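Work through the exercises below with the sequence and the model in view. Each task is followed by a solution in steps.

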Amino acid sequence: MDLIYADENKDEIGILIDCSFDLAFGTDENDFTLTVAITDNCCSGGYWIYVEGTEYGGTIDDQKVDTEQKRIVYHGRTFQGILEKKVIEPDTGKDYLIVSGDANRVLENIIQKLDLMDVFAAKQEDAELDITNYQFERYTKGYQGICDMLNTIGAKLHIEWHDGKAILSALPISNYTDEELDSDHISFVIKKHFKAVNHLICLGKGNLKERQVIHLYMNGEGNVTKEQFYFGKDEIEEVYDYPNAESLEELEKYGIRRLKELNEKDDMQLNLNDSYSFDIGDIITASEIMTGITLTRVIKKKIVTIKKGILKVDYKVGEK
C-alpha cells in the first residue's frame, strides 16, 4: 500500500517506504503521526500524507526532531480531524442551523459553510438519502456534527482521497449482526461489565426545590426509560448536572445521551485480517466461544498503522 506525500499545494512528491504511519479517527483523536529516520527528513508543515482512494491521510501541523533517537516525528490532523477542528454555527440571526435535502448536497453545503472547498468536495451523484429539517446542535464540531446528522437517517460518512481532494458522501450504515464474528476466526479483546449506572438524576435550571429534575433509568434490555427497573443493591445512581438546559426537553435529551455514555463500559477491540473492513458507524456482533460473551456494538474508532507498506487496522466500538 503506497503512502504518498505531497507539498502544500497537494503536488505529489513521492512514496514513503521506510517509515511508521499511525492514525486514529472516530470518536476522538482524529490525528496522525509519521515517523522517519532523521536522515530521511522529507516533509514540512502543511504537507499532505495519504493513501490514494482511501480515508487514510491528512495534513502535517507540527514536526519534532529527536536527536537521541535519530528520528523525526511529523504530527497532524487526519481528514476527519480537519473537519473536527471546524465549528458548525447557526446562520446570523438564527438560533440553529437547520438543513434539508439529499445527504450529499447537504454535505456540499456544509463544506462551503466551513470554508473547506480547497480540501473537501461532495460526491457529484446524489446519495438518494434524504435529510429533512435536521437541527444541528449550536456550535458543534464539524466531524461529530456531520456524523450525528447522518446517523438520524441510518447513514454514515464515507471519505475517499482522490486527485488532491477528500470526497465526502453519505452511505447507508452496514449492519453485520447476522454475520457474527467469533474467536475461532479472528482475534479480539472483549471487556464485559455486568453493572453500570442505571439511574441518572438529571438536574436542570432553577434553585433548590424549584430546580428541574428528571429521573432516567436503564432497563434490562439496555433502553432508557422513565420507569425504574433495578432496585436495592442493583440500582446504581449518578447525578447529571446541566443547569444551562433551556427546557425540560433539552435536559432529557442530554440526560439520555449521558446515561448511554455511562453504559458504554463494555469494550471490544478487534484485530482483523484483510477480509474484514468496517466503517465508522457500522454495526457488528462478536462472540467469544469459551465464555459465551456476545456483544453487538457500533464501530466508533479506527486505529490504522502502515509500516513499510503493510496496513493494519484495529477497531474500537461503543453503544448505538
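Buried means under 20% relative accessible area, exposed over 50%, and partly exposed in between (1.4 Å probe, protein chains only). The model is predicted, so local features need pLDDT of at least 70 and side-chain atom pairs count only at pLDDT 80 or more, while totals for chains, interfaces and linings use all residues. Residues are numbered from 1 along each chain as its sequence is written, and side-chain values use heavy atoms, with hydrogens and water left out.

**Exercise 1.** Find where Thr177 is placed, and decide whether Thr177 is buried, partly exposed or exposed.

Solution. Step one: helices (H or I, at least four residues) and strands (E, at least two) are DSSP runs, numbered from the N terminus. Thr177 lies in the loop between β14 and β15 (181-182). Step two: its relative accessible area is 27%, so Thr177 is partly exposed. Step three: contact means heavy atoms within 4.5 Å. Apart from neighbours within four places in sequence, Thr177 contacts Ile283, Thr285 and Thr296. Step four: Ala286 is 109 residues from Thr177 in sequence, yet their C-alpha atoms are 8.4 Å apart.

**Exercise 2.** Determine which residues of α4 are buried and why they line one face of the helix.

Solution. Step two: the buried residues of α4 are Glu250, Leu251, Tyr254, Gly255, Leu259 and Leu262. Step three: seen down the axis of α4, these fall within an arc of 160 degrees, so they line one face. The arc is taken from the directions from the helix axis to the C-beta atoms. Step four: their cover includes β17 (199-203), β18 (213-218), β19 (224-225) and β20 (237-241).

**Exercise 3.** Give the strand order of the open sheet of 4 strands, and name its edge strands.

Solution. Step one: two strands pair if DSSP finds at least two bridges between them. The order is β19-β18-β17-β20, with mixed pairing. Step two: β19 and β20 are the edge strands, each pairing on one side only. Step three: β17 and β20 run parallel, joined by 5 bridges, and His199 stands opposite Glu237 in β20. Step four: α4 packs on this sheet, touching β17, β18, β19 and β20, and its direction makes about 35 degrees with that of β18. Axes are lines fitted to C-alpha atoms, for helices over the stretch in contact, and angles run from 0 to 180 degrees between N-to-C directions.
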